[in-house]
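Take a walk through this model.

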Amino acid sequence: MNYQPSDYLPIIVQIGAALAFIVLTMVATHWLGPKRHSKAKDDVFECGIESVGNARTPISVKYFLVAILFVLFDVEIIFMYPWAVNFKTLGWDGFLEMIVFMSLLLAGFIYVLKKGVLDWEK
Amino acid sequence: MLTLTLILLPIIAGLLTLSTKGENAKVIALVAALVELALGAYTFFAFVPDATSQFGVSYNWIASAGIKFSVGIDGISLILVSLTTLVVPFIILSTFQNNYEKASIFYSLILFMQAGLVGVFTAKDAFLFYFFFEATLIPIYFIAAIWGGENRIKVTFKFFVYTIFGSLFMLLALVYLYIKTPTHSSEITALYETARLLDASQQGFIFWAFFIAFAIKMPLFPFHTWQPDTYVEAPTAGTMLLSGIMLKMGTYGLIRLLLPIAPLGVKAWGTVAVVLAIVGIVYGSIIAIQQKDMKRLIAYSSFAHVGLMAAGIFSSNLDGIQGSLIQMLAHGINVVGLFFIVEIIQQRTKSRELSSLGGITQTTPQLTVFFIIIMLGSVALPLTNGFVGEFLLLKGVFEYNAWMGAVAGLTIILGAVYMLRLVQKSMFGTTTSLTEGFEDLGLTERATLLPIAVLVIVLGIAPNIILKASEPAVSQLLSIINK
Amino acid sequence: MNAIIALSLFGITNLFLGFLNNRKILLPATLLFVLIAFGLNLADWNHEYYWFHNMLKTNNLSINFTSIILVATALVVAISRGFGNDEEHTHPAEYYGILLFSVVGAIMMVTFQSLFMLFVGIEILSVAMYVLTGSDKRNLRSNEAALKYFLMGSFATGIMLFGIALVYGATGSFDINGIGNMVNQAKLQDIMLNPYGPILYGGIILIFVGLLFKISAAPFHFWTPDVYDGAPSIFTAFMSTVVKTAGVAATYRLLSISFPAVYGLWGNPLVYITCLTLFIGNITAVYQQSFKRMLAYSSISHAGYLLITVLAKTPTTNSSILFYSLAYSIATISAFAVLMVVSEAQSKSGKPDESFTALNGLATNNPFLAFVLTVSMLSLAGIPLTAGFFGKFFIFADAFSNVSSLFKTIAVVAILMSTVGIYYYFKPIIAAYLKKGDLEKIELSPIYKLTLIITTALTILLGIAPDLVKNIF
């Protein structure tokens, strides 16, 4: 605890520099860039293909479910990395805790399966 | 033990009444009230006239907070317990002509109310006092709100919120005092001791908290706005309970709590209170003179009378307090009689308007005699019960301040004006279409009015029965106040 | 702390019970789970334990709070009626499961020793509540409430997390005792001696904002009426009892252990917040036409009463908060129980009628419900011989025990606001007894009736003999 508030000055400078850069570039592009409007230019960008229909069409909720489940289980798996790195130091205790963790995760997975969230056609 | 019986008997009888159906309810209620009256009479005559609290019991109730279930009767309580036990049978008897819907609930509420009232007057623990004080409110609220007149819901609600508002201030003061007691005790005598430790500003705070609570209950000017409407809208039995007994909870509270706990507060602010009370006397009387509705007229007369009682109490001398005690008893009896007569007239003629009445005397010699006797008691003619109280009260106020005594003395003149006007307009003169063929009293009506009239005269001739019983307790109270 | 572990497992068990296709088993099972947790919780009585590497600490105070939370949960579960028979649109197994998870969060909030656990507890509780608030998916108001609650709630927890970070920065500890020691030793009150003072101040205030948001104290109460009104009644009952108790307990734990040395810093704003909460909660409740919304505002006002004793910090504050929370919780649950059946019986075109007029004439055909309603309203209003009276009594006693004359003012405000409270708490009673209505007799299931009898009897019992629980607390 030897730090004084003045020691944090570089951080403030950094924040100031970051903000200034953003503001500066935004203002600069507005000034410098030429503005030419045409029908093709103002069109919605669609990888070069002509755009079709409305962008706000409803999408099946199943996509979201799958996506969110992926994120969920994916993120939980991240916890295994630090455990794997410290496998030996954590020892049996760590192993048991990991088993508890994994079984909870497994229970969740079984629940998801049983609920039929992953059955695409139902 | 006797005190506990006096509280429990109406509760048990009330539960019994609640379980019956139809006509039996009023009979059971009346029998219970008469047994209670007998007990009350026994208490009165068994009471040894000294300053001690008698017939008491005390149990630990809420040990962690030091609250006790402690009741007992001293000279001051005795008067009010007598009043309660005496008046309730009359109130029940006065309803015998009516057939109320859900009669069993009606009569059980009256009995619960009686239990609560006896509890208020005998509680020796401040919080117990508060509980009973609040508990009486629930039955009277429902009596007025279920069986009352057209406007009942709004009016009784105003009454309820108003009085709760006041009593919450009392709670505030009680909690404040209770915390200041060295042993966290809430016995009223312990609060007397604690009050010695407080300085003038703290006592001023307590004075006002108590004052608001009791001034609303009585009511004193300018806290009286709930009163006339509620008296008019409530069924007559409810009005009798309110004006005959419940009003005395306020005056009793002044004597029991406010005076001895905040003597410095009374010293600083007592004049304000006396002035408010006297304003109430004059104001109430003047409005009473102009009333057209009989019930409303008596309501305002009661407002004026209670002003005098409060003025007497705040002058804090022996005459003032003794006078207020006997006046509480006398007023309770008289006002019940008056409201009953109004009820009789209203039942026969379907009207309470003075302008549409008159000439009733021609067919009703008995009613006239009773009405005039009770009226004279209310006007405070010598040899009636009202005289002793009013005389002592005026003497007390006069000792306190001669000018205030003089203004308060107006009550005699103004009281005579509105009371005579009441009798004259309703009873004398020419008969109207409504009062033609007015029948004289029936048996239960006579049975109610005769004892009341007898009491008016007996207490007027021999007030010493009452005064002697309460004097030692009042003297002791005064010594506490002046310590 | 086995209750936390048990409840987590029970929550998962509940989810799987849902596959049995037998809805009837869920309610008794959940009730049993809560009771088991209650027993496990009591097993630690009279011991002080640290759990999970000093993350949580149980003592009698936290066990008492946990008990109140579990009792309230059990009562709420008992009046949930298995969430109806609508096979398609309700998911009772999930609701019960999530309810148990949120109780886990609530228990963490009352037993935390590290600020981490406070945060995690609040998040577990809140996320569960966001879901449950929006569980009535076809009801627009329920959706709106959930979204509102989620946005506001996550914002508040964010602010609180920032506060925790600042406090850590200033004191170098997450442990509440450690923080308390640092605050004491480092003389943070004096900015001249310790330049970290302002950081700590900022941290305390931000944590404070987050917690006050959870207990819906003004001026952080804006979400409350809409969310309480929009959520299904059963979850509103849960929120206004369990969540509030946990929030107050957490606030009290943090303030009394970590920051008593800087009382001047949080005490002064809290005085204003308390008065403002009492004022806004009570005055706004008067103008409500909906019984449910009135209860929402009343729950704001009760937060105000609870804050009085947190402020007074007398030796009896512990037991006063506990008693008040218990009295308030059982009375509120009874009120919601009556509201639920009556509003359903009075529903107009599929929507339950939650206004005061729905209660008109309740006493004619349903004297029992009217009586339950009356007792709960009297208790909330603080009329003597109900539990609510003693709740208020102990709080006023605490306020006066504090020597500061400021408390006289607060007590007067509280008394004035109690009078206002009587005004609106009597509206349902008047509607039930004095107004005319054509409500048929409502059939109650045995467990529902039993719950109402328990809450009513408990309210009266605690009003006559508060020592029964006061001696334990």
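The paragraphs below go from chain contacts to single residues.

This is a predicted model, in which local features need pLDDT of at least 70, side-chain atom pairs count only at pLDDT 80 or more, and totals for chains, interfaces and linings use all residues. Residues are numbered from 1 along each chain as its sequence is written, while chains are lettered from A and ligands numbered from 1 in the order in which they are written.

Begin with the chains. Two residues are in contact if their C-beta atoms, placed from the backbone, lie within 7 Å. Which chains share the most contacts? Of the two pairs of chains in contact, it is chains B and C. Chain C brings 22 residues to its contact with chain B, and chain B brings 21 residues. On the chain C side, α16 (387-401), α17 (406-433) and α19 (467-470) each give two or more residues. Helices here are DSSP runs of H or I with at least four residues, strands are runs of E with at least two, and both are numbered from the N terminus. The top contributor on this side is α17(C), with nine residues. By class, the chain C side holds 16 nonpolar, four polar and two charged residues. In this scheme Ala, Val, Leu, Ile, Met, Phe, Trp, Tyr, Cys and Pro count as nonpolar, Asp, Glu, Lys and Arg as charged, and the others, Gly among them, as polar.

Chain C also touches chain A. Six residues come from chain C and six residues from chain A. The chain C side of this contact has five nonpolar residues, one polar and no charged.

Next, the interior. A residue is buried if 20 or more other C-beta atoms lie within 10 Å of its own, exposed if 12 or fewer, and partly exposed in between, with C-beta atoms placed from the backbone. A nonpolar core is a set of buried Ala, Val, Leu, Ile, Met, Phe, Trp, Tyr and Cys residues joined through C-beta atoms within 7 Å. The largest such core has 365 residues, and Ile110(B), Leu172(B), Phe210(B) and Met109(C) touch the most other members. Take Met109(C). Leaving out residues up to four places away in sequence, Met109(C) touches Leu118(C), Gly121(C), Ile122(C), Leu125(C), Ala246(C), Ala249(C) and Ala250(C).

Phe165(B) sits in helix α7 (residues 152-180) of chain B. Phe165(B) counts as buried because it has 20 C-beta neighbours inside 10 Å. Its C-alpha atom is 8.8 Å from that of Ile212(B), 47 residues apart along the chain.

Now look at two helix pairs in chain B. Axes are lines fitted to C-alpha atoms, for helices over the stretch in contact, and angles run from 0 to 180 degrees between N-to-C directions. The axes of α14 (residues 318-349) and α20 (residues 464-481) of chain B come within 10 Å and cross at roughly 135°. The pair α14(B) and α20(B) is therefore oblique. Angles under 35 degrees count as roughly parallel, over 145 as roughly antiparallel, 65 to 115 as roughly perpendicular and the rest as oblique. The contact of α14(B) with α20(B) has nine nonpolar, three polar and one charged residues.

The second pair is α16 (residues 385-400) and α19 (residues 443-461) of chain B, with axes 6 Å apart and an angle of about 45°. That makes α16(B) oblique to α19(B) as well. Asn385(B), Phe387(B) and Val388(B) of α16(B) meet Leu455(B), Val456(B), Leu459(B) and Gly460(B) of α19(B). Five of these residues are nonpolar, two polar and none charged.

Finish with the backbone. Phe221(B) and Pro222(B) are joined by a cis peptide bond, with omega about 0°. Pro222(B) lies in the loop between α9 (200-217) and α10 (227-233) of chain B. In chain C, the bond from Ala218(C) to Pro219(C) is cis, with omega near 5°. Pro219(C) belongs to the loop between α8 (197-214) and α9 (223-230) of chain C.

Is Ser316(B) buried or exposed? Ser316(B) is buried, with 24 other C-beta atoms within 10 Å. Ser316(B) is not a glycine, yet has a positive phi of about 35°. Leu383(B), also no glycine, has phi near 75°. Leu383(B) is exposed, with 12 other C-beta atoms within 10 Å.
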